[in-house]
Amino acid sequence: MAFCPVSLSQPQLLISSISIAALIAGSGYSHSPVELPVKTVSASDSDDKLPTLADLKRTGFERSRYRDSVSTLSTSVLKEELPRAKLDAFAATIKPLLEKHCIGCHGADAAEGNIRLDTLSPDLLNGGDTEWWSEVFGVVAKEEMPPPDSSEISEAERREIVNWLSSELHSASLLRRSSGSQSTFRRLTRYETNYALQDLLGLPWNFAKDLPPEPHSAEGFENSSALLHLSVTQFETYHRLARQALARATIFGERPPTLYWGVAMGEAAEREWTKQAEQLEKAKKKLADDPAKLQAELLRLEETFRQPHRSAYYKELSSGRSAQAQWDYPRANYAFAPTYDKTPFPADFDCVAILPPGLQQKLIVELGNQLPDEGVMRVTVRASKVNAIEAGFPSLQLWFGWQASNEGRALLRVSDQDVAVTATADNPQIIQWDVPLGEIYPRNTVRKTSEMGELPSPSEYIRIANSTASEGDVQIDYVAVEAPFYVQWPPASHRRIFFDSEQAANESAYAREILQKFMSRAWRRPVTQQEIDRKLSLFVKMRTQSESFEEAVCEVLATVLSSPQFLYVADPPLSGAAPAGGEHFRLATRLALFLWSSIPDEELVTLASSGELAKADVLAQQVDRMLADPRCRRFSKHFVHQWLNLELLEFANFKWVEDRFDPLLKEAMLEEPVALFEAVLHSDTSVLDFVHADYAMVNERLAKHYGIAGVYGNQFRRVPLDGGFQRGGLLTQAGPLAMNSAYPDSHPLKRAIWLLERLLDDPPPPPPPAVPQIDLANPEIAKMTLKERIEDHRNQAACLSCHSKIDPWGIAFENYDALGQWRDRINGKPIDSASELFNRQLLDGMDGLKRYLLEARQDQFVLAMVDKLATYGLGRPLGFGDRAEIETIAAEVRREGDGLRTMIHKIVKSDLFRE
């Protein structure tokens, strides 16, 4: 029984990039999967048909150690009676089993993996070897030890060891937790700061975009208390950001005038009609003396004016003539001038702009240099679909750009969601985008210094793009732009701070009201009179230096938002900030940060004030309410991105395969895991759907990539699959497969490590300090295939212990290429994706991998999922003292159907989260 101990503080395998590059570089058969000696298993080998993956989801639970019972000791029990170590059971049952199956390799005569079981203290509650016993539990429970070739341990004997260790580790964990306390003291992450400001100010803008990104903890999360600290100098940055946010949320002075642009496509097309008229006039002059040739030339030109175009073009409906839409930046010849009067959409039109599919289409409306720096730009278009396939429809995106010179230009997407164009030409639809101008960066730097018509050009423009993934043109007849646009004056964000009050005429009393309301919301708790008095004293000082009451108040509120009381999450609370019932407000804050990545709303605060939030039924109702709120989308996005490390995909460069890849595909790859998570969450489906599902969450572009027919539009939706293993779940999604590749090929090691770290919470051990490199100078190695190099590398003593536990997992993915598409052959050779795990378990490709996980590793996956969610929800690393609670939550979730929503409820109601 040879243990390879894993350091609990080192969860990631540090792969030598030189070794991996050397494995792949120069291989004559670089696409070849790794082959290991395996026993192939198929349905034909048995009279009985193999169970389906859906069957294994159900029957795999029969092997769960959580099925019948698990220790459910709680800290309340410990207060009455401390548990005792089951030393008699160890002596009578466990010790003889260890002597029979393990001591031969881990005893006085041998200590493989630097571990001797005969010297470990069996008292896990009070002894010093608890972490070693945790390692023993892990490898025995996963059937990695004892090795099949050294011992024939029975299932009953294995279960005896696992049950005893599980019970003792559970008791030891509870004892450890009862004797200490866990503190969460951290600042808000960049995204939490941004959402808190959004909810506080009532504006959906990116207030924190200038903050640096967060580092990732060893567990993969950005919100870990182990990393989120703040230096004195950083407070200045937060104060500046707070002032900027308040300045954008409030107004000083009179309402600025709104500028209006109303552009009919007939007006935009006049330039092109003029060019065509010039061509006709030129022909008339040139062939004036030859009427026959003139007539033929005029007919030819008229015919060309009716030819279809591959790029955006204008079309006159009555005559059928058309012209490609042109745009050029010099002299701002294409700019439209604004007015101060809003004109209605025309009732009739005879000219439209046609947009074929493709983000590079240039339907540009140039607006000049008069757009303001701040405020909302509202863009409205009247559109319909044209010659779209019957079952589908195109979509539109809005872009903003400028080109000052040949060298200076920018083009940015400013619409968050694609808008489906479902209306027909006889009844077009109105599409509207509200774009915060202050969010656009970079703006044209010369728009205030150059005159219109000069170079560099100060002008800016909007561009409308047809983002459909298939066929289907869009027809637009009118575009309207207004900026700055206000729904009301003063804006709602201003009224949120400077609300109506009977004290408005008394600046000091009104300032006190504003401060009390704002501080309580921002600091997530009631504020004391002393705290308000200090801020009011600052207001008095600032008022003498400010031109208006509003300006002075905003200066004080900026200090509220740059205070540790806002920026930090503290359990226990910051000194001097513990109001009566403070534990209820801290619970509300933990809940809001977990499910909304933000501050508590009014309902949570009200329930915390009354103490009702601590009641189990009320807490459960609030969880359901918060999960149903649109703000829960933040939880899905940020948890999934950090859990699966999708940052790798965000920064992946796919230029090597541009013929198969486009921005729509990358966007869909990033969205697919989040869409699946949300589908599982909102239906409370089993988390085992992340291992395999009989459906996929796809849009048209991704469905096309997968070869799934009948999916139209850029919106994600649930699509049933044929029941096979090639798609469904996270393992076979294109995004994770692509980001764990070594372009232009797959990468078994990256995929294996991602699976082990992210989904099974079972990171491989770190490599030894002196990993031998692949010597490509050796002619014998240089002529090896990739498969042979990996085998040669693995067979070296220093590499075997790691790679034998990694390679087989990754080889199972080999039917998926570097973009996650299925393949059966490489370079004409069939792919062999079968491999054998360390415990002699066969993984026959992706089908075998899914089968093994569903049949034998359900407990491990569900426990890992609980651990990941709890780590994210608590905002701190979990320790051994948390193990018992995590095990208890996992057991309850398993017995209640493995639902994702159920899992969140169990985490929130646990002592781990509440206390």
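Modeller: A residue is called buried under 20% relative accessible area, exposed over 50%, and partly exposed in between, with a 1.4 Å probe and protein chains only. Val-560 counts as buried because its relative accessibility is 0%. The model is predicted, so local features need pLDDT of at least 70 and side-chain atom pairs count only at pLDDT 80 or more, while totals for chains, interfaces and linings use all residues. Residues are numbered from 1 along each chain as its sequence is written, and side-chain values use heavy atoms, with hydrogens and water left out.

Val-560 belongs to helix H14, which covers residues 549-561. Helices (H or I, at least four residues) and strands (E, at least two) are DSSP runs, numbered from the N terminus. Contact means heavy atoms within 4.5 Å. Leaving aside residues up to four places away in sequence, Val-560 touches Phe-518, Met-519, Ala-522, Trp-523, Lys-535 and Phe-566. His-239 is 321 residues from Val-560 in sequence, yet their C-alpha atoms are 8.9 Å apart in space.

Arg-524 lies between helix H12 (507-523) and helix H13 (529-543). Its phi is near 65 degrees, a positive value in a residue other than glycine. Most residues other than glycine have a negative phi, and most peptide bonds are trans. Arg-524 is buried, with a relative accessible area of 7%.

Ala-332 counts as buried because its relative accessibility is 10%. The peptide bond from Tyr-441 to Pro-442 is cis, with omega near 5 degrees, and Pro-442 is found in the loop between strand E11 (429-436) and strand E12 (460-466). A cis peptide bond also joins Leu-455 and Pro-456, with omega about -5 degrees; Pro-456 lies in the loop between E11 and E12.

Finally, the whole protein gives the setting. There are 33 helices and 22 strands. Of its 915 residues, 54% count as buried. Among contacts with a separation of 6 or more, 75% come from residues 24 or more positions apart.
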